[in-house]
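Please keep the sequence and the coordinates open while reading.

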Amino acid sequence: MLSYFRLVINQNDEDAIQRIINVPARGIGKTTIEKIIVAADNHNVNMWKVINNPVGFGVKVNSGTVTKLTNFSTMINSYIAESKTKDAFEIANLIANSSGLLKSHRDEDTPEGISRVENIEELLNGIKDFTEKAIEKSEGDMSIKKTLNEFMEDVALITDADKDKEEDKDKVTLMTIHASKGLEFPHVYIVGLEENLFPSIQSISTRSELEEERRLFYVALTRAMNSVTLSHAETRYRWGNFTITEPSRFLDEIDDSLIDKPADILFNPPTPSTSSSSPSYTSQAKIKRRNLKPLTSGNGNSSVEPSDISELREGMTVEHANFGQGKVIAVEGNGPNKKATVYFNSVGNKNLLLRFAKLKIIS
């Protein structure tokens, strides 16, 4: 998936081309790829130019293969065009679904295929979060768009910053439960303990698969030497949609005497017990959202107290912390995805995601 993104951003990325030109399988074999590489070298051009015009560059393949290459180049060129107007999540979601990559993994109908689908889902959730943070910082202004290129740059910066030095032993180890078998750690954090995530939605349909998930949970718990922190989110992005989640059934199966359930906390997980006599299991019951300070730039009033957005209707006069007073032109969507088009005297029309916009209803 990342190679698709790289090629959309940079058509000179030949590693990305070779990675995805036949993934999922589209009948473009190794021999054809080798012919493209040779033709590109002979004409001193990149592979992408040859793929866009195989006949013109003398690639000797049959008409069926030419059609397959043309279809591939047309698909990528359409993504390149769409990326000029869509934000990072919109174009990433389009690529995931229309490239056939997601469908090919779903069709595998194997645990590995399911895992790959879930990995892509989490990637898309991460990109959605990346784009929405920009909207949140702008007080709901949906005209603020983060591009796919900006997301890839952000990922590259994070990757560079997170590289561990060999001598650095003071660190957190992030791993899957499968990879943790046979290992032990003083303190273990198990996250994502929600129904349809752990256990996964694919495993709850049969008893045997559910038991396998329960065994995995046992493996995770027994990696801890001193303490385990169990965490679940109240809300989560699933395929880019904001959803309310339920705690995993596995949490209810642990003896209450072993669990310390603190009151609601604000990004402050309890300090793990350092006692080595017996494990102390801590359930992080809820995670509340951080309250962001209102922005003070622009023509608006930074002290605006937001109203209940469920009451917002077309024709109402509202006030925004940055844009001042305006009139609601249209309202659409439901719940956390509800948005409005508002005309402000200071800046004209603005599309606002209401859960971030903090609008005050004037009349």
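Which residues in α6 meet which residues in α8? On the α6 side they are Ala88, Phe89, Ala92, Asn93 and Ala96, and on the α8 side Ile120, Leu124, Ile127, Lys128 and Thr131. By class, this contact has 7 nonpolar, 2 polar and 1 charged residues. The model is predicted. The protein has 12 helices and 11 strands, and 37% of its 363 residues count as buried. Among contacts with a separation of 6 or more, 59% are between residues 24 or more positions apart.

**Helix α6 against helix α8**

- Helix α6 covers residues 88–98, and its axis lies 8 Å from that of α8, at an angle of about 160 degrees.
- Angles over 145 degrees count as roughly antiparallel, and α6 and α8 are therefore roughly antiparallel to each other.
- The crossing of α6 and α8 is left-handed.

**Helix α7 against helix α8**

- Helix α7 (residues 101–108) and helix α8 (residues 111–137) have axes that come within 7 Å and cross at roughly 150 degrees.
- That angle makes α7 roughly antiparallel to α8.
- The α7–α8 crossing is left-handed.
- In α7 the contact residues are Leu101, Leu102, His105, Arg106 and Glu108, and they meet Glu112, Gly113, Arg116, Val117 and Ile120 in α8.
- By class, the contact of α7 with α8 has 4 nonpolar, 2 polar and 4 charged residues.
- Ile120 of α8 is listed in the contact with α7 and also in the contact with α6.

**Aromatic pairs**

- Ring centres within 6.5 Å make a pair, and by this rule the count comes to 6 aromatic pairs.
- Phe130 and Phe151 have ring centres 5.5 Å apart and planes at 70 degrees, so this pair is edge-to-face.
- Phe130 lies in helix α8 and Phe151 in helix α9 (residues 148–161), so the pair ties together parts that are 21 residues apart in sequence.
- Phe130 counts as buried at 15% relative accessibility, and Phe151 is buried with a relative accessible area of 7%.
- Phe323 and Phe344 form a tilted aromatic pair, with 5.3 Å centre to centre and 55 degrees between the planes.
- Phe323 lies in the loop between β7 (317–320) and β8 (324–332), while Phe344 lies in strand β9 (residues 339–344), so this pair ties together parts that are 21 residues apart in sequence.
- Phe323 is buried, with a relative accessible area of 12%, and Phe344 counts as buried at 0% relative accessibility.
- One aromatic cluster is formed by Phe198, Phe217 and Phe250.

**Cis peptide bonds**

- Phe198, a member of that cluster, is joined to Pro199 by a cis peptide bond with omega of about 10 degrees.
- Pro199 lies in the loop between β1 and α10 (207–221).
- Val23 and Pro24 are also joined by a cis peptide bond, and here omega is about 0 degrees.
- Pro24 lies in the loop between α2 (14–20) and α3 (30–42).

**Positive phi angles**

- Asn196 is not a glycine but has a positive phi of about 75 degrees.
- Asn196 is found in the loop between β1 and α10, and at 33% relative accessibility it counts as partly exposed.
- Asn44 also has a positive phi without being a glycine, at about 55 degrees.
- Asn44 is found in the loop between α3 and α4, and it is exposed, with a relative accessible area of 72%.

**Individual residues**

- Ser180 lies in the loop between α9 and β1 (185–190) and is buried, with a relative accessible area of 5%.
- Leaving out residues up to four places away in sequence, Ser180 touches Met175, Val219 and Arg223.
- Lys49 lies in helix α4 (residues 47–52) and is partly exposed, with a relative accessible area of 49%.
- Lys49 and Asn12 are 37 residues apart along the chain, and their C-alpha atoms are separated by 9.2 Å.

Definitions and conventions
Residues are numbered from 1 along each chain as its sequence is written. This is a predicted model: local features need pLDDT of at least 70, side-chain atom pairs count only at pLDDT 80 or more; totals for chains, interfaces and linings use all residues. Side-chain values use heavy atoms; hydrogens and water are left out. Axes are lines fitted to C-alpha atoms, for helices over the stretch in contact, and angles run from 0 to 180 degrees between N-to-C directions. Helices (H or I, at least four residues) and strands (E, at least two) are DSSP runs, numbered from the N terminus. Angles under 35 degrees count as roughly parallel, over 145 as roughly antiparallel, 65 to 115 as roughly perpendicular and the rest as oblique. A crossing is left-handed if the near helix is turned anticlockwise from the far one by less than a right angle, and right-handed if clockwise. Contact means heavy atoms within 4.5 Å. Ala, Val, Leu, Ile, Met, Phe, Trp, Tyr, Cys and Pro count as nonpolar, Asp, Glu, Lys and Arg as charged, and the others, Gly among them, as polar. Rings of Phe, Tyr and Trp (its six-membered ring) pair if their centres lie within 6.5 Å; planes under 30 degrees apart count as stacked, over 60 as edge-to-face and the rest as tilted. Buried means under 20% relative accessible area, exposed over 50%, partly exposed in between (1.4 Å probe, protein chains only).
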